[in-house]
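Student: Hi! I'm new to this one, could you walk me through it?

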Amino acid sequence: MPNPFKSLRRAVLSKPLMGWYKSVLPGLSDTEAQALEAGDTWWETDLFSGKPDWDRFASFSSKGFTPEEQAFLDGPVRELCGMLDDFEIEHELLDLPEPVWAFLKRHKFFGMIIPQEFDGLGFSASAHSEVVKRIATRNVSAAVTVMVPNSLGPGELLMLYGTEDQKAYYLPRLAKGEEIPCFALTGVEAGSDASAMTATGTVCEGEWDGKNTLGIKLDWEKRYTTLGPVATLIGLAFKLKDPDGLLGGEEDLGITVALVPTDLHGVDTGDRHIPAGLAFQNGPSWGRNVFIPVDQILGGKEQIGQGWKMLMGALAAGRGISLPSLSTAAAQVSAQSTGAYARIREQFGINIGKFEGVQEKLAPIGAIAYQLEAARRFICIGLDNGHHPGVASGIMKYHATERMRETVNHAMDVHGGKSICVGPKNYLETPYRAIPIGITVEGANILTRSLIIFGQGSIRCHPYILKEMQAVAISDKKEALQKFDDLIWRHVGHDIANIWRSWFHSLTGGKFAAAPRNSQLKLYYRELARYSANLAVASEISLGILGGKLKFKESISARLGDVLAELFLLSAALKRFEADDAPAADKPLLDWVFSDGIARMHTKLAEVGENFPSGFWGWTIRLLTQTGGQRRRGPTDAMTQAVANLIQTPGEARNRLTEGVFTGKDTDPLAALERALAMTVECQTLRDRMREKDTDSPQAARDAGIITAEEYEKLRDVHRAVREVIEVDSFDPSRLTKTGMNADSEEPRKALSA
Ligand SMILES: Cc1cc2nc3c(=O)[nH]c(=O)nc-3n(C[C@H](O)[C@H](O)[C@H](O)COP(=O)(O)OP(=O)(O)OC[C@H]3O[C@@H](n4cnc5c(N)ncnc54)[C@H](O)[C@@H]3O)c2cc1C
């Protein structure tokens, strides 16, 4: 029997509400709509809901590595790292040495994600990410070379969308390195905006293997393609047209991906860009009248026009692995090296790590290394459980690379001239040059923050909006109203609960927010629950008042995305601390990370309120999220000092923080640094004894009987070890050329025509 109350509600309230709802919905381009359909969501939906489910959170756990994965990390990965000479690769060869290429192929580094049934290694996301991270602690170019075939490569696209024939032919060849793949999406016009792509494919008949075949004639001009110059197989994105109706459908078929062997007539590859002077292979490619049969379309005819959705789906996982692994490596190397350097480098008679100004840089370096490793492991839990969380991986891509930038910059500051002068003794210069690459690739950061994280998050993670959008799009008006009515009133109930929660938890500083009963970290769980409720109401007001215009108020949506991201990253830090059995020695790191993260969220929400286009609604946002007026000012000086000391002091917390960094053999710069640190710490009591007697010189101390002859020798050894580390390289001018290029080459420089 129809419910009279519901019928009345539908007619009087829901119908006009539906009309208004349609009018404020954001207009979506085809590429945006396809991006929304790609991948799925994970923990970020809870954070967006205003009431995270802590039981669900407790159920997330890492499966660890299989014996094969562990053996690979302990065997080929270690061996590979030992073969990599950063200076030789980045400054002398501008490429990986031939034995390294051969080793990578032989040990199937390019086939980590390819299943074993196709001759790959079939590794989990956790193992894949760990391998890339460890290599990157030694050399970025080698890590990028391994990373690309294991992401868009197009190995992953083949696994997800390839036809059975394509999988059977290409996957084993890719796994064994018999094919070197690359993925070419970016062109001259189309950077962030793929819909501006000018690469075209025209359906036509042509000759293939001596037979007349239905195929595609391709024309393209791509740039920035990683591995492009050495690739044998291009995953090519282009717009497909069928002007003669040979496929029997429309003329414009949309963005499509095909597998294009580079030895085909008309394909031109081999030239190299030099991205920030780094050595990994990257370059442009051109195709002129290149003919391929339709069988080369990735996924066959069924996947025509699905290129953008395919890419977004693959990136939804890839963004959570590649750049986060590289960024964590840079953060861990920064923490290990800068902590040690600050401890051994003395100025004004004391080690520089004792100066408060230096500690202000050391603490974020340590905290970021802790947080990025936590977040890297956390997202891998989601990926290993079969999720392709587009929003969470966007968060990871953006925040891992931005925090990597922060940590490497701080590390450079603390090292001073030592990290500026190029040479084999400089372990920070390559990560420093790599910063803008991480920021730009796989979705440039400004765009990712401004459009993707909250833009997609607000629709994908919201419990009702996507369903409501689908309901109002139903052509049968009666059915649409019925569905909309059901959703919108539950949505209103959800909002009322969140308004109350947000205001009450702000007023009471989150003291009564939900937290797991037995956790010793209740305080932090409560903070997350409070800010989750704050985010939910601030988002709801922004969406409701600005509607489709929110897309153009990037500064508002980006700040809301920052809060969502912070909640995700802080959840990851909690998960790591608990998974590591809550070590007391690591608590200063967790405390610093939380204090900093909470201050960031608090400030961002205040800024949303202050800058909201409507004064009344801005005031409402502040009322509902900031009422308690508690101070959220970030880490105190004492917290900063604790973390700065932690990264300067050898011990279990520092070891955990830098786990996976390849330190190398004795003569390697990081190994020399660790040795000097250990010796410095061991001799600290001698230095203290001398200081008590107002003596700086070991010789004077020995002569005065303050230290023994044996102790004097120890101090001399420390001095030698420290000297070895603080030295920088210099070169005879005859070894240097003005450009580092072959000035005698007759080859003209080529440019992509705009
Ligand atoms: C070293 C390197 C390796 C690469 N590897 C590959 C590869 O293997 N395959 C491939 O296809 N591509 C690759 N790329 C291309 C890379 O993905 C693009 O550089 C990236 O998508 C950005 O495009 P763009 O450089 O043309 O910048 P643009 O698109 O011109 O953007 C310029 C700036 O504007 C910002 N911006 C653009 N639109 C908006 C918006 N709506 N709101 C806010 N900000 C916005 C961007 O964030 C960026 O900061 C690589 C690039 C580099 C440098």
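Tutor: First, a definition: a disulfide is a pair of cysteine sulfur atoms within 2.5 Å. Keep in mind that this is a predicted model.

Student: Okay, how many disulfides does the structure hold?
Tutor: The count is zero.

Student: Switching to the ligand: which residues come nearest?
Tutor: There are 22 residues around the ligand, and Phe183, Leu185, Thr186, Ser192 and Tyr224 come nearest.

Student: What does the side chain of Thr186 do there?
Tutor: An N or O atom in that Thr186 side chain is 2.7 Å from a nitrogen atom of the ligand.

Student: What about backbone atoms, say in Thr226 and Leu447?
Tutor: In Thr226, a backbone N or O atom lies 2.9 Å from an oxygen atom of the ligand. For Leu447, a polar backbone atom is 3.1 Å from a ligand oxygen atom.

Student: How much of the ligand's area does the protein cover?
Tutor: It covers 69% of the 980 Å² of accessible area that the ligand has on its own.

Student: Which element gives the most to the shell?
Tutor: That's H17, with four residues. By class, the shell has twelve nonpolar, eight polar and two charged residues.

How values were computed:
Residues are numbered from 1 along each chain as its sequence is written. This is a predicted model: local features need pLDDT of at least 70, side-chain atom pairs count only at pLDDT 80 or more; totals for chains, interfaces and linings use all residues. Side-chain values use heavy atoms; hydrogens and water are left out. A residue is near a molecule or strand if one of its heavy atoms lies within 4 Å of it. A polar contact is a pair of N or O atoms within 3.5 Å; within protein, one must be able to donate a hydrogen and the other to accept it, and residues adjacent in sequence count only if both atoms are side-chain atoms. Accessible areas come from the Shrake-Rupley method with a 1.4 Å probe; for residues, only the protein chains shown count as cover. Helices (H or I, at least four residues) and strands (E, at least two) are DSSP runs, numbered from the N terminus. Ala, Val, Leu, Ile, Met, Phe, Trp, Tyr, Cys and Pro count as nonpolar, Asp, Glu, Lys and Arg as charged, and the others, Gly among them, as polar.
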